[in-house]
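Here are my notes for a colleague opening this structure for the first time. Have it on screen while you read.

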Amino acid sequence: MAAVGACFLQQLAVVALLALWCSHGAIASDPGLLQDFCVVDKMSQVRVNGFPCKDAKDVVAGDFFFSGLHMAGNTTNKQGSNVTTVNVAQIPGLNTMGVSLVRIDYAPNGLNPPHTHPRATEIPTVLEGSLYVGFVISNPENKLFTKVLNKGDVFVFPQGLVHFQFNNGTNNAVALAALSSQNPGVITVGNAVFGSKPSISDDILAKAFQEMFKFESMAAIRASFLLAAAALLALWCSDHGGVVASDPSHLQDLCVADKASTVRVNGVACKDGEDVAAEDFFFSGLHMAGNTTNKQGSAVTAVNVAQVPGLNTLGISLARIDYALHGLNPPHTHPRATEILTVLEGSLYVGFVTSNPENKLFTKVINKGDVFVFPKGLVHFQFNYGTTDAVAIVALSSQNPGVITVANAVFGSKPSITDDILAKAFQVEKTVVDQIQAKF
């Protein structure tokens, strides 16, 4: 009996270890949502990791909306940069969704100084100008990856790694960045080390930096950072707590997709770290319009792990969507991602539908600089109802969000779903089903 008990305990231990291993799978994804959304209840006194939800009956389209991302930030500061944040503090509907946006403005020679995001990977694209960007991997290698980015280029800064952007051009520069957290947090290296409250002692800093600073110099550095700290931290930090929806902790700095590997995992196997280059985190061309000469009058340019192998395990991606006049991105879902969209040009009528039994439709007309959120897995759409072409940039909280276009899936499946099933499901005659299927 003792042997049987010992065997059972060993089997139980194996199951526990396998469960722990599976929780660190090769693909980074947010934990499954337990409901359609969890809009922040700002009046609640309950403390949770993130925010408690308000009653779904009180939720409105405005809870998923932000306006003003087309407006330039004030770069008249020491760093010559400004960050306009669109996270859960600005859009309460982002709670539990694991994604957010920022706009970053850079004056000539403007710098977004070395910093980390403890809870997010960042994927920026340049809208105007050019930037010299880079990140440093962790000890002991501390290898620097750098790249010069121009309009339409995309680069990835993996979660938790020190990174920076510098406007090396002669004109102002603008970038739009997505982050894989509703509240990514920021730690500016200089502020944290030399501007902490209370101060880290001179002895500790002198030893940490190998006495490269004299005590007098360190005092001057501290004074400078303390003067700038309030303004810089105010640009980035939220007063709110952590995130409910977040990617699982990484086990290493990078897991760049090895496209040549025959190993099958949930995601893509990693290539040797010695073979990783800056190009693995780079994409060019997001400034180029897609071809909208199709039945829907829209085109999606995807930037996910298939285009940027460095996105593997990082749980975020981008896309550009072009809409001709009256162009439609038809009702569809992303099974593995929340989507956050901002309009670059034109105006869009957008909406999403909650799940059964309510099937409530939330809609909004959004214009240049506006932002809207489509919760993970819900049917949503965008329609260009304006008088000119429209362009949007979207971020999705998965390296491979997937897309299911409702009409294509139901009426264009291969092989086809039978007439009997569809006629009964949609309460129509079989001839109507046949006519619709013939179009797909």
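**Notes on the model**

1. Let's begin with a charged pair: Lys271 and Asp280 meet through their side chains in a salt bridge, 3.2 Å from N to O. By salt bridge I mean a side-chain nitrogen of Lys or Arg within 4 Å of a carboxyl oxygen of Asp or Glu. Lys271 is partly exposed, with a relative accessible area of 23%, whereas Asp280 is buried at 9%. Here buried is under 20% relative accessible area, exposed is over 50%, and partly exposed is in between (1.4 Å probe, protein chains only).

2. A word on the source: this is a predicted model, where local features need pLDDT of at least 70 and side-chain atom pairs count only at pLDDT 80 or more, while totals for chains, interfaces and linings use all residues. Residues are numbered from 1 along each chain as its sequence is written, and side-chain values use heavy atoms, with hydrogens and water left out.

3. The salt bridge count comes to eight. One of them joins Asp105 to Arg103, with the closest N and O atoms 2.9 Å apart. Asp105 is buried, at 5% relative accessible area, and Arg103 counts as buried at 9%.

4. Have a look at Lys430 and Asp420 too, a salt bridge whose closest N and O atoms are 2.4 Å apart. Lys430 sits in helix H7 (residues 430-437) and Asp420 in helix H6 (residues 419-426), ten residues apart. Helices (H or I, at least four residues) and strands (E, at least two) are DSSP runs, numbered from the N terminus. Lys430 counts as partly exposed at 42%, and Asp420 is partly exposed at 46%.

5. Now for the annotation: the unreviewed UniProt entry places a "binding site" at Asn329, His334 and Glu339. UniProt positions follow the numbering used here, feature names are shortened, and annotations may be inferred rather than shown by experiment.

6. Asn329 belongs to strand S15 (residues 328-333) and is buried, with a relative accessible area of 10%. Leaving aside neighbours within four places in sequence, its contacts (heavy atoms within 4.5 Å) are Ser298, Ile321, Tyr323, Phe381 and Gln382.

7. Where is Glu339 found? Strand S16 (residues 339-345) holds Glu339, which is buried at 2% relative accessible area. Not counting residues up to four places away in sequence, Glu339 touches several residues, among them Ile321, His332, His334 and Gln382.
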